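Hi everyone, and thanks for making time for this. I'd like to walk you through a structure that may be new to you, so please have a look at it with me.

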Amino acid sequence: DTLKCALGKIDHIHFSPPCKGFSTANRNQVMTEKDKENNDLSLLIVDVLRKTSCDTAVFENVIGMWRQKSIEYVKKIVREVLKLNYQIRVCTLEACDFGDAQTRPRFFMFIAKYSIPIPDPPKRTHGIDVDLKPYAKVSDTIGHLLHQDNASIPNMDDVMTTKVNPGVHGLIQLNPNGLSPTIRSSSLQPLHYSKGLNRCISVREAAEIQSFPPNYTFHGS
């Protein structure tokens, strides 16, 4: 009630809790206490729905949440959300199917009150079919940054040079005519496709691959 009074009527909620514990990129074979704490935050979607009585909501996380190891979280959320008289539609979507130059599969729950038509998953806009736009290329997405003055664009100057060859420690080199793998926050970024640079992509280049606005500035490490 306090939340409702403070914020007024809330029509829609988007909920993206921490994904590290669910991610298949998490190298911990045994779930740590911190992983469990992060995973438990996903259950707060139920409290948010209960306290706001919003008409619709979207829950998003990595597709690892949809796998057997973590499926109990999904089941619990579904059970509790249904008790609150909401309907649910579940699907997975790929960022590259909507114009990003990266493969980034994500798990979604679309949630709506029974009095409101629940939306269909969005139709993909990019792909190999003739009626779709072609997949975005890495070179088309970040190639223009090669000709920019680093000082004129935020987050372009902090780049990591390396003598590690592609394939070592999972390091890959981007294909200029293909898609980037999923950009992650906690691992070594892929090597730039221009072999002469011998460096990983910058924060700005990683951001452009993920469709962040060009003037978005990241602060901190």
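Let me begin with a term: when I say helix, I mean a DSSP run of H or I that is at least four residues long, and helices are numbered from the N terminus. Please keep in mind that this is a predicted model.

With that term in hand, find helix H2, which covers residues 33-40; Asn-38 lies in this helix. Is Asn-38 buried or exposed? Asn-38 counts as buried because its relative accessibility is 14%, and the cut-off for buried is under 20%. Now look for Pro-18: along the chain, Pro-18 and Asn-38 are 20 residues apart, yet 5.8 Å separates their C-alpha atoms.

Next, the sheet. In general, strands of a sheet pair through backbone hydrogen bonds, in either a parallel or an antiparallel way. Here we have an open sheet of four strands with mixed pairing, and the order is S1-S2-S4-S3. At the edges sit strand S1 (12-15) and strand S3 (86-94), each pairing on one side only. On average, neighbouring strands of this sheet are turned by 15° against each other, ignoring direction.

Let's zoom in on one pair. S1 and strand S2, residues 56-62, pair in the parallel sense, with four bridges between them. As an example, His-12 has Thr-56 in S2 as its bridge partner.

Finally, which helices lie across these strands? Helix H3, residues 44-52, lies across S1, S2, S3 and strand S4 (105-113), and runs at about 165° to S1. Helix H4, residues 71-83, lies across S2, S3 and S4, and runs at about 15° to S4.

Notes:
Residues are numbered from 1 along each chain as its sequence is written. This is a predicted model: local features need pLDDT of at least 70, side-chain atom pairs count only at pLDDT 80 or more; totals for chains, interfaces and linings use all residues. Side-chain values use heavy atoms; hydrogens and water are left out. Two strands pair if DSSP finds at least two bridges between them. Helices (H or I, at least four residues) and strands (E, at least two) are DSSP runs, numbered from the N terminus. Axes are lines fitted to C-alpha atoms, for helices over the stretch in contact, and angles run from 0 to 180 degrees between N-to-C directions. Contact means heavy atoms within 4.5 Å. Buried means under 20% relative accessible area, exposed over 50%, partly exposed in between (1.4 Å probe, protein chains only).
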